[in-house]
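Dear colleague,

I am handing over a structure for you to look at, with some notes on what was found in it. Please keep it open beside this email as you read.

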Amino acid sequence: MEIVLAFVIGGLFAASVYMLLRRSLVKLLIGLALLSHSANLLIFTSVKLTRGSPPVIGMNATALREPFADPLPQALILTAIVISFGVMAFALALAFRAYRSVGTDDLDRMKSTDD
Amino acid sequence: MNPLLILPILIPLVTAILALLFREARNVQRALSLLGALGLFGASAGLMFDVRRNGIQAAQVGNWPAPYGITLVADLFGAIMVLLAGIIAMAVVTYSLVSVDAKREEFGYHSLIHFLLMGVCGSFLTGDLFNLYVWFEVMLMGSFVLMALGGERGQMEGAIKYVTLNLLSSAMFLSALGLLYAMAGTLNMADLADKFSDISASQPYGVVTTLAMLFMVAFGIKAAVFPLFFWLPASYHTPPAAISALFAGLLTKVGVYALIRVFTLIFVQDAGFTHNLILIIAGLTMVSGVLGAVAQKEFRRVLSFHIVSQIGYMIMGLGLFTPLALAGSVFYIAHHIIVKTNLFLISGAVEKLGRTPVLKKLGGLYQAQPMLAILFLVPAMSLAGLPPLSGFFAKLSLARAGLETGQYIIVSIMLGVSLLTLFSMLKLWNEAFWKPLPASAIGSGGAAGMGNLHTWLISVAFLAAITVLIGIGAGSFFSIALLAGEQLMNPQDYIQAVLGGAR
């Protein structure tokens with residue numbers, strides 16, 4: 001299962017870099033969104049996938065029973081998702097305002113201050 | 001728990017929230033902002049004294065023991081950085097009161113400044129790598145909005161580049177964190193430092209160094225090192241001067257701080273490769289930054305390229321990796337933050353007086369405003385490294401550290417770059433202050449017509465005084481930096497302070 005996910009993550013990273021390199025503003029945003037998803041999936045996969053064993057101590061037990069899934073990466077991912085959600089919302093608004101004030105979504109033409 | 005560790009985060013947070021509540025009442029908001037900056041300065045000075053007297057301070061927020069809880073740590077390096085953030089906060093907020101327009105203030109300018117400061121102080125004080133990521137994001141969010149606030153066309157273009165590259169760096173940082181956690185099972189920096197030599201020995205050859213490179217790229221983008229600095233000169237000249245002064249002073253330095261922290265605490269097992277690479281990057285960063293500055297024709301763009309050039313000096317100390325070199329880096333960072341913020345504040349006054357950032361159209365400012373011109377000379381000459389100002393001693397200690405370790409190439413590069421920096425500063429002086437106002441600009445208002453310049457100059461004079469003070473009292477300031485360098489080189493105290501009995 002890890003192998004499959006490794007390919008998925010690699011593919012996502014490749015796709016996001018490809019999108020970031022396009023000239024269109026909207027594609028840039030799609031690239032950024034894919035990038036944060038691939039980073040999250042990477043955290044998820046890198047600590048090994050443990051199926052069917054939640055890290056919950058049973059009713060009559062006093063300690064966790066092996067094997068159990070590590071809950072920390074999921075907490076990390078949850079935090080990262082919330083952050084990337086906020087950042088994406090800002091980036092979308094920024095892209096819209098930039099499009100309105102520059103009048104184009106072509107990144108190559110956004111260099112009025114670079115002379 | 002030591003309250004001084006929490007106050008530098010809590011004060012900006014409370015100030016930001018209160019300023020947001022009083023968005024309609026502009027004067028209340030301004031008073032709150034100033035009060036918050038003063039409070040932050042007071043708290044950071046208190047923390048500095050405490051760390052100086054009692055050694056490294058650590059606190060576990062929420063009272064869970066160290067590797068599991070939320071750790072805040074202040075060693076001397078961290079405390080110095082927080083103190084600098086406090087000083088810059090005070091200078092920039094005072095300057096903002098006269099320079100930022102009412103419209104930006106109504107849109108929450110002051111609360112954004114304090115959210116940004118909270119992120120910066122949090123990054124300096126956290127003892128956990130994932131928390132460092134979160135503080136980075138807090139800081140970035142504040143800076144994103146400040147960069148775009150006002151919605152001018154140039155700002156929008158700058159903000160797109162700034163946001164994209166910073167998000168790319170965050171994604172890399174996050175991926176690196178995931179891989180590091182998979183390898184070590186902890187993200188607490190002290191815990192990592194404690195266990196990491198065993199962990200890296202058990203990994204296949206090169207894996208740990210590859211991971212270190214991922215961290216280096218992630219922090220390198222934030223610190224704007226060669227070849228990852230292109231977002232900086234593309235965006236720093238677009239927002240109002242007060243905002244770019246705050247960014248120029250603090251934001252890239254957070255990246256440098258993270259680099260130094262990670263490459264002194266954790267990734268030290270392959271120093272022959274990683275720290276040599278840092279040294280090479282340092283040289284290239286210095287040279288490319290200063291050459292970029294020579295080609296620029298606008299006041300703030302020249303200064304932006306100089307930020308890049310000076311990042312090279314800061315990480316040069318890390319690359320040399322001796323206590324003296326790290327002390328040089330710490331001293332350089334302190335000197336640079338004060339001086340660079342000051343130069344950006346001056347650029348705001350210059351652009352306001354001359355009504356243009358273009359050097360060719362500026363001129364005659366020495367005749368019109370001799371006070372401003374002299375106050376420009378202090379940070380400019382300090383940046384170039386002329387004695388007896390702070391920059392001279394910063395460069396001297398780095399050069400000595402370089403000679404002691406036999407790295408003659410980087411020392412000669414560094415001295416050459418200093419010369420070019422002096423050339424660049426003289427270009428600014430000649431173009432903006434010394435030469436007569438060009439005939440084409442005389443009709444358009446020129447140097448006349450800015451009500452009360454003295455209110456603009458309060459922060460400038462304050463920072464210039466600190467520059468001179470660091471220069472005069474270099475000995476005692478340097479002994480603190482040396483102590484910080486020694487703490488960085490011997491992480492045992494840091495580990496002991498955080499983990500305590502838990503080891």
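This is a predicted model: local features need pLDDT of at least 70, side-chain atom pairs count only at pLDDT 80 or more; totals for chains, interfaces and linings use all residues.

Residues are numbered from 1 along each chain as its sequence is written, chains are lettered from A and ligands numbered from 1 in the order in which they are written, and side-chain values use heavy atoms, with hydrogens and water left out.

At the interface, 36 residues of chain A are in contact with 32 residues of chain B, where contact means heavy atoms within 4.5 Å. The two chains bury about 2,900 Å² between them, 75% of it on carbon and sulfur atoms; buried area is the accessible area (1.4 Å probe) that two parts lose on being put together, summed over both. In chain A, Phe90(A), Leu94(A) and Thr113(A) lose the most area to chain B, together 19% of what that side buries. Between the chains the count of salt bridges is zero, a salt bridge being a side-chain nitrogen of Lys or Arg within 4 Å of a carboxyl oxygen of Asp or Glu.

Turning to chain B, helix H14 (residues 323–354) has 32 residues and should span 46 Å at 1.5 Å a residue, which agrees with the 45 Å between its end C-alpha atoms. Here the expected span is 1.5 Å times one less than the number of residues, and helices (H or I, at least four residues) are DSSP runs, numbered from the N terminus. Of the 32 residues of H14(B), 30 are buried, so this helix is largely enclosed by the rest of the structure; buried means under 20% relative accessible area, exposed over 50%, and partly exposed in between (1.4 Å probe, protein chains only).

Lastly, the backbone: most residues other than glycine have a negative phi, and most peptide bonds are trans. Lys48(A), which is not a glycine, has a positive phi of about 70 degrees and is exposed, with a relative accessible area of 61%. Ala224(B) also has a positive phi, near 60 degrees, but this residue is buried, at 0%. The peptide bond from Phe226(B) to Pro227(B) is cis, with omega near -5 degrees, and a cis bond also joins Pro387(B) and Pro388(B), where omega is about 0 degrees.

With best wishes

Technical notes:
Helices (H or I, at least four residues) and strands (E, at least two) are DSSP runs, numbered from the N terminus.
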